[in-house]
Amino acid sequence: MEDDPPPAVLLAMTFTLDEVPAVRHRVARTAASAGLSRRRVDDLVMAVNEGLANAAGHGGGLAQVRLWRADGYLRCRITDQGTGIPDAVLAHRSPLGPPAGAGWGLWMMRRLSDGMAIRTGPEGTSVRLDFAVHGRPPAG
């Protein structure tokens, strides 16, 4: 996962938990303008909503979201200054979902996106979600 989005960022916002609905709407409009199909915009919005809520709710109260296009993808990075995601939550990658009580948001984000990368630690968490602009990329 590269360190920073390129200079041509389509959306950059700092937000709190109370602002998640407004940010979600801005993300949806930006994704549609960037060329995602309506179905993929819906997938992106559901995945990003989980990330927004997790970052603002569990990551110290103030978080950031950025969207940009690169290599045929619309990319979204959500960052916070929380204490990190526990290893036990990150470890569960079953297609059937995580064990009861933890990790459903990350599971959903993985399932809805075309790629997901996470950096987490005591200084905060960064999650990047990738969505192919023209359909899902071929498997393999």
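Where does Ser113 lie? I found Ser113 in the loop between α4 and β4 (115–121); helices (H or I, at least four residues) and strands (E, at least two) are DSSP runs numbered from the N terminus.

I noted that this is a predicted model, in which local features need pLDDT of at least 70, side-chain atom pairs count only at pLDDT 80 or more, and totals for chains, interfaces and linings use all residues. Residues are numbered from 1 along each chain as its sequence is written, and side-chain values use heavy atoms, with hydrogens and water left out.

**Entry 1: Ser113.** I looked up its accessibility. Ser113 counts as buried because its relative accessibility is 5% (buried means under 20% relative accessible area, with a 1.4 Å probe and protein chains only). I then looked up its polar contacts (pairs of N or O atoms within 3.5 Å, one able to donate a hydrogen and the other to accept it). The side chain of Ser113 has a polar atom 2.9 Å from the backbone oxygen of Met109, and the side chain also reaches the backbone oxygen of Gly115 at 3.2 Å.

**Entry 2: α2 and α4.** I recorded that the axes of α2 (residues 38–58) and α4 (residues 104–112) come within 9 Å and cross at roughly 155° (axes are lines fitted to C-alpha atoms over the stretch in contact, and angles run from 0 to 180 degrees between N-to-C directions). The two helices are therefore roughly antiparallel (an angle over 145 degrees). Met109 of α4 is one of the residues making the contact (heavy atoms within 4.5 Å).

Methods:
Angles under 35 degrees count as roughly parallel, over 145 as roughly antiparallel, 65 to 115 as roughly perpendicular and the rest as oblique. Buried means under 20% relative accessible area, exposed over 50%, partly exposed in between (1.4 Å probe, protein chains only).
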